[in-house]
Amino acid sequence: MTLFDRTLSQDAETPLLEVDGLTKRYGARIGCADISFDLWPGEVLGIVGESGSGKSTLLSCLAGHLEPGEGRVLYRGRDTVAMPEPARRLLSRTEWAFVHQNPRDGLRMGVSAGGNVGERLMAVGARNYGTIRAAATDWLGRVEIAAERIDDKPRQFSGGMQQRLQIARNLVTGPRLIFMDEPTGGLDVSVQARLLDLLRGLVREMGLSAIIVTHDLAVVRLLADRLMVMKSGHVVESGLTDQVLDDPQHAYTQLLVSSVLQV
Amino acid sequence: MTDQAYNFAYLDEATKRMIRRAILKGLAVPGYQVPFASREMPMPYGWGTGGVQVTAACLAPEDILKVIDQGADDTTNAVSIRKFFERTGGVETTEHTAEATLIQTRHRIPEHPLTEDQILVYQVPIPEPLRFLEPRESETRKMHALQEYGLMHVKLYEDIARHGAIATSYAYPVKVEGRYVMDPSPIPKFDNPKLSGSPAIQLFGAGREQRIYALPPYTEVVSLDFEDHPFEPSKADHACDLCGAAETYLDEVITDDRGGRMFVCSDTDYCTGRQAAGHRGRLSPEDAA
Ligand SMILES: Nc1ncnc2c1ncn2[C@@H]1O[C@H](COP(=O)(O)OP(=O)(O)OP(=O)(O)O)[C@@H](O)[C@H]1O
Ligand SMILES: [Mg+2]
């Protein structure tokens with residue numbers, strides 16, 4: 001790297017997330033091992049791999065839900081593993097968002113749609129009912145839920161609607177980084193497609209960075225700029241999504257891609 | 001007659017010391033729920049065994065005890081607890097708020113202003129104000145520790161969304177000295193302003209849930225609300241039909257099977273006192289004076 005290049009890259013933005021040597025074990029069993037990567041502002045990273053390959057473990061460590069055994073995670077230069085829990089919890093309700101595969105894990109089922117969306121606003125100090133209600137109405141619209149459903153409980157919604165509500169609830173405070181674990185799992189194909197469209201629009205519009213875990217290569221093809229392929233807790237291949245999918249180098253990735261083509 | 005089979009006020013001294021330590025910690029950290037090892041009491045949980053244990057730990061032989069339930073001294077619950085301490089402690093009891101040194105209560109704060117010489121003990125069924133929306137104890141404890149109280153406002157938001165106004169009228173959540181969010185026990189929200197700045201010591205005991213919390217004298221207690229839906233300590237829009245009081249909390253009483261009804265002070269001692277002093281209401285007997 002020339003001096004000129006170095007100056008350029010310093011002037012450019014620094015990574016949003018810097019992950020270095022991240023390892024998580026469950027007793028003797030490996031959850032994920034020696035994971036390193038950078039995520040840049042506005043970038044969408046896909047994580048694919050078979051069941052048990054460590055995708056959820058990695059995501060949970062990144063989002064601060066699990067404590068990694070080794071390694072470092074820097075968010076905008078701050079060490080999220082070492083920071084005190086209150087600071088980390090504050091990040092997770094302001095700068096971060098987390099969309100669970102099962103809406104039940106990400107929604108308050110006993111609270112109305114409006115209350116679900118408003119919760120993060122109230123958590124950061126919003127104390128005007130009218131303002132909160134207006135923001136909730138606006139966000140329901142953005143995820144294509146009719147305003148008149150604002151007082152309905154999530155259990156009165158379809159699976160796809162619940163997932164969209166979860167997204168609205170997460171994005172209302174304008175986070176920078178969204179973690180998603182199988183956000184389209186368990187949904188019908190047509191519902192999946194609509195949700196993916198919506199997600200793609202929101203990610204672009206808000207300039208969000210995202211890390212999306214999925215079994216489904218079609219999902220990463222549509223959403224992810226870059227791809228990491230995991231097997232037995234390790235990253236076996238990574239690169240630009242199209243490159244990895246069109247010209248897989250690792251035997252396991254080749255298997256993964258070919259099994260999709262057979263479907 | 002004191003029943004000699006028991007220690008003074010039923011509980012043994014070691015248990016009282018344990019409870020007093022919890023009370024002192026509660027007073028040192030106003031609004032914080034202190035765990036304590038609740039004892040079996042010879043009465044059902046619904047009767048306020050938490051309050052009874054706190055009372056037992058505070059009671060001294062020279063105390064004058066008053067017990068109220070929904071504002072009345074003569075309900076089964078109030079009478080039984082009063083009798084319990086007459087028997088096990090031999091303490092003097094009263095129905096007059098002003099005469100009492102220790103008042104155990106369920107569902108009300110007396111209308112008569114309290115003084116620095118008094119302790120008010122509340123019976124608490126569910127001490128955790130966040131329980132309604134977050135069932136996990138590990139999580140609610142963390143929320144208190146980190147002052148993550150957004151959820152409390154979600155509850156009020158739901159109220160307004162459903163009813164057009166904050167419909168919570170009992171156990172209305174409060175913030176203590178700008179720090180802990182607290183459930184004031186199922187008192188009507190009409191009583192909430194009396195929690196704040198009270199000269200008396202206020203102690204809260206939850207038996208089944210094994211928690212004690214406290215408000216030392218002159219503690220600031222603020223009822224939660226929204227800027228555009230401010231807290232209102234509402235009451236029935238009537239005066240008492242027996243004593244004419246316009247500023248007290250009223251019970252609605254059905255008087256016959258043709259829809260007849262009257263409004264009377266829920267605080268029976270206060271109402272009786274006013275009537276004795278010559279105050280009259282809409283339904284007072286003409287010749288009663
Ligand atoms: N709580 C846990 N205790 C013990 N082992 C666990 C735990 N959670 C996950 N594991 C193990 O860690 C490894 C990685 O699991 P993880 O859930 O991260 O995989 P995954 O890629 O998300 O799988 P899936 O696609 O099925 O969701 C697996 O071997 C799993 O059995
Ligand atoms: Mg998983």
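Modeller: Buried means under 20% relative accessible area. Keep that cut-off in mind. The model here is predicted.

Biologist: Then let us apply it. Is A:Arg93 buried or exposed?

Modeller: A:Arg93 counts as buried, because its relative accessibility is 17%. The residue is found in helix α3 of chain A, residues 85-94.

Biologist: Which residues does A:Arg93 touch, leaving out those up to four places away in sequence?

Modeller: A:Arg93 touches A:Arg120, A:Ala123, A:Val124, A:Thr173 and B:Glu148. With the side chain of B:Glu148, the side chain of A:Arg93 makes a polar contact at 2.9 Å.

Biologist: Which other residues of α3(A) are buried?

Modeller: A:Arg88, A:Arg89 and A:Leu91 are buried in α3(A), along with A:Arg93. The cover over the buried residues includes β4, β5, β6 (96-99) and α5 (113-123) of chain A. It also includes α4 of chain B.

Biologist: That brings in the interface. How do I read its size?

Modeller: The size of an interface is often given as the accessible area lost when the parts come together. Between chain B and chain A, the buried area is about 1800 Å². Carbon and sulfur atoms give 56% of that area. In terms of residues, 20 of chain B are in contact with 22 of chain A.

Biologist: Now the charges. What is the general idea of a salt bridge?

Modeller: Side chains of opposite charge can pair when their charged atoms come close. Between chain B and chain A the count is 5 salt bridges. A search over all chains finds 34.

Biologist: Which residue forms a salt bridge with A:Arg108?

Modeller: B:Glu134 does, with the closest N and O atoms 3.5 Å apart. B:Glu134 also meets B:Arg136 in a salt bridge, at 2.8 Å from N to O. B:Glu134 counts as buried, at 2% relative accessibility.

Biologist: And what about B:Glu137?

Modeller: B:Glu137 forms a salt bridge with B:Arg211, the closest N and O atoms being 3.0 Å apart. The pair links distant parts of the chain. B:Glu137 is in helix α4 of chain B, B:Arg211 in strand β9 (residues 211-215), 74 residues apart. B:Glu137 is partly exposed, with a relative accessible area of 27%. B:Arg211 counts as buried at 15%.

Biologist: Which residues do salt bridges that share partners join into one network?

Modeller: The network holds A:Arg108, A:Glu119, A:Arg169, B:Glu134 and B:Arg136.

Biologist: On to strands. How do they pair in general?

Modeller: Strands of a sheet pair through backbone hydrogen bonds, either parallel or antiparallel. Chain A has an open sheet of 4 strands, in the order β2-β1-β4-β5, with antiparallel pairing. The edge strands are β2 (29-39) and β5 (78-79), each pairing on one side only. Strands β1 (residues 17-26) and β4 (residues 70-75) of chain A pair over 5 bridges. A:Glu18 stands opposite A:Leu74 in β4(A).

Biologist: Where is a parallel case?

Modeller: Look at chain B. There, β2(B) and strand β3 (residues 92-93) run parallel, joined by 2 bridges. B:Leu65 stands opposite B:Thr93 in β3(B).

Biologist: Why is β2(B) described as largely enclosed by the rest of the structure?

Modeller: Because 6 of the 6 residues of strand β2 (residues 64-69) of chain B are buried. B:Ile64, B:Lys66 and B:Ile68 point one way. B:Leu65, B:Val67 and B:Asp69 point the other way. B:Asp69 has a relative accessible area of 4%. Its side chain meets that of B:Arg106 in a salt bridge, 2.9 Å from N to O. B:Arg106 lies in strand β4 (residues 102-106) of chain B, so the pair ties together parts 37 residues apart in sequence.

Methods: Residues numbered from 1 in each chain as written. Chains lettered and ligands numbered in written order. Predicted model: local features only at pLDDT ≥ 70, side-chain atom pairs only at ≥ 80, totals over all residues. Heavy atoms only, no water. Contact = heavy atoms within 4.5 Å. Buried area = accessible area lost by both parts, 1.4 Å probe. Salt bridge = Lys/Arg side-chain N within 4 Å of Asp/Glu carboxyl O. Buried < 20%, exposed > 50% of the residue type's maximum accessible area, 1.4 Å probe, protein only. Polar contact = N/O pair within 3.5 Å; in protein donor to acceptor, adjacent residues only side chain to side chain. Pairing = 2+ DSSP bridges.
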